[in-house]
Amino acid sequence: MKSVTLLSALAAAAATVQASPHKRADIEPITTSGNAFFKGKERFYVRGIDYQPGGAAADVDPLADTKVCKPDIEKFKKLGINSIRVYSVDNSKDHDECMEELAKAGIYVMIDANNPRYSINRADPHPSYNAVYLQSVFATIDAFAKYPNTMAFFSGNEVIHDEKETTYAAKYVKAVDRDMRAYIKARGYRKILVGYSAADVTMNRLQTASYFNCGTEEERSDFFAFNDYSWCTTDFVTSGWDQKVKNFTGYGLPIFLSEYGCIHNTRNFREIESLMHKNMTAVYSGGLMYEYSMEPNKYGIVKIKGGDVKGGVDQTGAREELKPEFQNLVDAMKKYPAPSGDGGYSKERKASECPQPDDHWMIESSALPDMPEKAKQYLTNGAGKGPGLKGDGSQWAADSASVSEGGKPTDAKGQVVGGASGSNDQDENAGVRGQAPFLVSGAVALMTVFGIFAL
Ligand SMILES: *[C@@H]1O[C@H](CO)[C@@H](O)[C@H](O)[C@H]1NC(C)=O
Ligand SMILES: *[C@@H]1O[C@H](CO)[C@@H](O)[C@H](O)[C@H]1NC(C)=O
């Protein structure tokens, strides 16, 4: 393994500087201005869907296999969506064909930079912020930076949760967020957006948003996203979304919902009406419906035949549109198009004050941990070949002792969060979301060892 690493690293570095011989679809990259996304001069709204056939249990990269992505892209076209989020990708694989097909369909992609084996451990973040972990994160950037329809990378997914102790991990996730931006810049890539995707937790949502938008330019995220399951086929006011607009008015970064779609009642997806309405567009930039495929937690709108056998490893079966949700989403997308004009966005990209510690927020100092010494070489040399989804994992990687940081790692120690420390395992409104797929699968043991990550 070791002897080929250097060669692969050189090959990967060479590949990034060479122009690709592949003719790519013409799709304009997404940028930000003030608190909004833009496609050229036009305001861009996320009108998308979360996409991870098989869920965390299967841990299949749907963008590395055309037998998976192609039939789904046909469904995406039918749905009329303009974006997808993929939670787990294999940074050792090629994604040219799927990304090209998506670009041809006008679909942008948001990629989670973490995966089950390479992630920050919410229960004990300090040792998990190490060079082995960052190498994987950076390799994921390398794998997707070349595609014009890569819209964004998520630096973390629901790492901070409803227990106060988990807010301590925000320091490390924000360091990763900063490091990812630094890597994109150092490697000469286009400015691909980097931001955090927060859990549906009222107690610390605003603090988290402020935290990721405070400090130096290098430290501030490019956007903020959170997951929201409060609609439940009600309306703008009953769901409390009006309050979420009020609370975020004046926030200086683009915001969108990285997951929405409560399943308490038959879904009609009228969320989209409000998301595209002037009630929201000055503050929010759309959202991603959770989710495409039907998994044990029952949020899907497409059933993949045979996708639930053998731990979900084979996601290539026939696709069945589930009634009535699939058609309801098609209809809602048609009925509630993106508004024209600028939606009343704010032109100023205003920084927030760092939140003060209180009953729900632990972080006292705005200082972030330094990038681990051993990881700094990646900025100049590139990350080299990614470990993929089956590598040794990073949470107990050897170099963690050398990590220098601005806080006390022991603060969070011993505060083991729910054992598996997986995301979404328990939402604030418990029961609304149900259990994440891995908790009802044979992957429990793996997740207990490897900590944070879930859909
Ligand atoms: C809005 O902010 C207030 C004050 O911080 C808080 O009490 C309330 O729960 C927030 N509402 C929502 C929907 O986040
Ligand atoms: C817009 O806001 C008003 C006032 O809060 C509310 O009555 C109306 O239902 C909202 N409409 C949409 C589409 O969100």
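A few ground rules come first. Residues are numbered from 1 along each chain as its sequence is written, while chains are lettered from A and ligands numbered from 1 in the order in which they are written. Since the model is predicted, local features need pLDDT of at least 70 and side-chain atom pairs count only at pLDDT 80 or more, whereas totals for chains, interfaces and linings use all residues.

How confident is the predictor here? The pLDDT, its confidence in each residue on a scale from 0 to 100, averages 86 over the protein, and 82% of the residues reach 70 or more. Residues 1-21 stay under 50, and the model gives them 17 contacts beyond four places in sequence. (Two residues are in contact if their C-beta atoms, placed from the backbone, lie within 7 Å.) Over residues 400-455 the pLDDT is also below 50, with 142 contacts beyond near neighbours in sequence.

As for the overall build, the protein has 13 helices and 13 strands; these are DSSP runs numbered from the N terminus, helices being H or I with at least four residues and strands E with at least two. Of its 455 residues, 54% count as buried, meaning that 20 or more other C-beta atoms, placed from the backbone, lie within 10 Å of the residue's own. Take the contacts between residues at least 6 apart in sequence: 83% of them join residues at least 24 apart.

Next, a sheet. Strands of a sheet pair through backbone hydrogen bonds, either parallel or antiparallel. Here, three strands make an open sheet in the order β1-β2-β3, with antiparallel pairing; two strands pair if DSSP finds at least two bridges between them. At the edges sit β1 (30-33) and β3 (42-44), each pairing on one side only. Between β1 and β2 (residues 36-39) there are four bridges, and Ile30 stands opposite Lys39 in β2.

Finally, the ligands. Which residues surround ligand 1? Its shell holds Thr202, Arg205, Leu206, Gly240, Gln243, Lys244 and Asn247, counting residues whose C-beta atom, placed from the backbone, lies within 6 Å. Helices α8 (202-211) and α9 (241-248) each give two or more residues to this shell. By class, the shell has one nonpolar, four polar and two charged residues. Around ligand 2 lie Asp235, Phe236, Val237, Asp242, Glu273, Ser274, His277 and Asn279, which divide into two nonpolar, three polar and three charged. For these classes, Ala, Val, Leu, Ile, Met, Phe, Trp, Tyr, Cys and Pro count as nonpolar, Asp, Glu, Lys and Arg as charged, and the others, Gly among them, as polar.

Methods
A residue is buried if 20 or more other C-beta atoms lie within 10 Å of its own, exposed if 12 or fewer, and partly exposed in between; C-beta atoms are placed from the backbone. pLDDT is the predictor's confidence in each residue, from 0 to 100.
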